[in-house]
Amino acid sequence: MSITICQAEPRDAPLVFDFIRELAEYERLAHEVDATEADIAGALFGTQPRVFADIAEWSGEPAGFALWFYNFSTFRGRHGIYLEDLYVRPAFRSKGIGKALLRHLARRCVAEGLPRLEWWVLDWNEPALRFYRSIGAAPMDEWTVQRVTGEPLLKLAEAS
């Protein structure tokens, strides 16, 4: 049994979209998914992609994925990687696939001189929190995520 990680290609758009829906179900957020397969394909494989995906296979079977993009730290004066989604299908968990995907991104950071790899995790997801602590991830407790979406976003855009 072996893990293989490769960059997603256009033919992988349906698989990436399936992973996104599976992750949303796991996170109890399926009701928030309004993206379509075409949206994901366009974002990943359009003329100027700004988001990327790596797919992990276990003995040739799709097992999980990491979807990420470059962010920027003004304090560090350099880009980093923001991991938007990390997901391993239940049948493939506890095989080192999640760690392999994170290692793959960490190696990209080191190779490109990027000082940070960061992501969010739901506060109730204890298995993920334990796993992230085991690899040396540190919580950023002093930060609170803020978001403007929907009607408040429209009102803010119209404000004078």
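1. Asp12 pairs with Arg11 in a salt bridge, their closest N and O atoms lying 3.7 Å apart. The term covers a side-chain nitrogen of Lys or Arg within 4 Å of a carboxyl oxygen of Asp or Glu. This is a predicted model, in which local features need pLDDT of at least 70, side-chain atom pairs count only at pLDDT 80 or more, and totals for chains, interfaces and linings use all residues. Residues are numbered from 1 along each chain as its sequence is written, and side-chain values use heavy atoms, with hydrogens and water left out.

2. Arg11 has another partner. Its side chain also meets that of Glu9 in a salt bridge, at 3.2 Å from N to O. By the same rule the count comes to 5 salt bridges.

3. How exposed are these residues? Asp12 counts as buried, at 11% relative accessibility. Glu9 is partly exposed at 38%. Arg11 is exposed, with a relative accessible area of 64%. The classes are buried under 20% relative accessible area, exposed over 50%, and partly exposed in between, using a 1.4 Å probe and protein chains only.

4. Next, helix α3. Arg108 and Glu112 both lie in this helix, 4 residues apart, about one turn. Helices (H or I, at least four residues) and strands (E, at least two) are DSSP runs, numbered from the N terminus. The two side chains meet in a salt bridge of 3.0 Å, N to O. Arg108 is partly exposed because its relative accessibility is 23%. Glu112 is also partly exposed, at 37%.

5. Asp54 deserves a look. This residue is found in strand β2, residues 52-58. Asp54 is buried but has no salt bridge; the nearest side chain of opposite charge is Arg108, 5.0 Å away. For charge, Lys and Arg count as positive and Asp and Glu as negative, while His and the chain ends are not counted.

6. What joins the side chain of Asp54 to that of Trp68? A polar contact of 3.0 Å does. Such a contact is a pair of N or O atoms within 3.5 Å; within protein, one must be able to donate a hydrogen and the other to accept it, and residues adjacent in sequence count only if both atoms are side-chain atoms. Setting aside residues up to four places away in sequence, Asp54 touches several others, including Ile5, Cys6, Phe65, Leu101 and His104. Here contact means heavy atoms within 4.5 Å.

7. Lys99 is also found in helix α3. At 40% relative accessibility, Lys99 is partly exposed. Beyond its neighbours within four places in sequence, Lys99 is in contact with Phe131 and Ile135. Lys99 and Ala30 are 69 residues apart in sequence and 25 Å apart in space, C-alpha to C-alpha.
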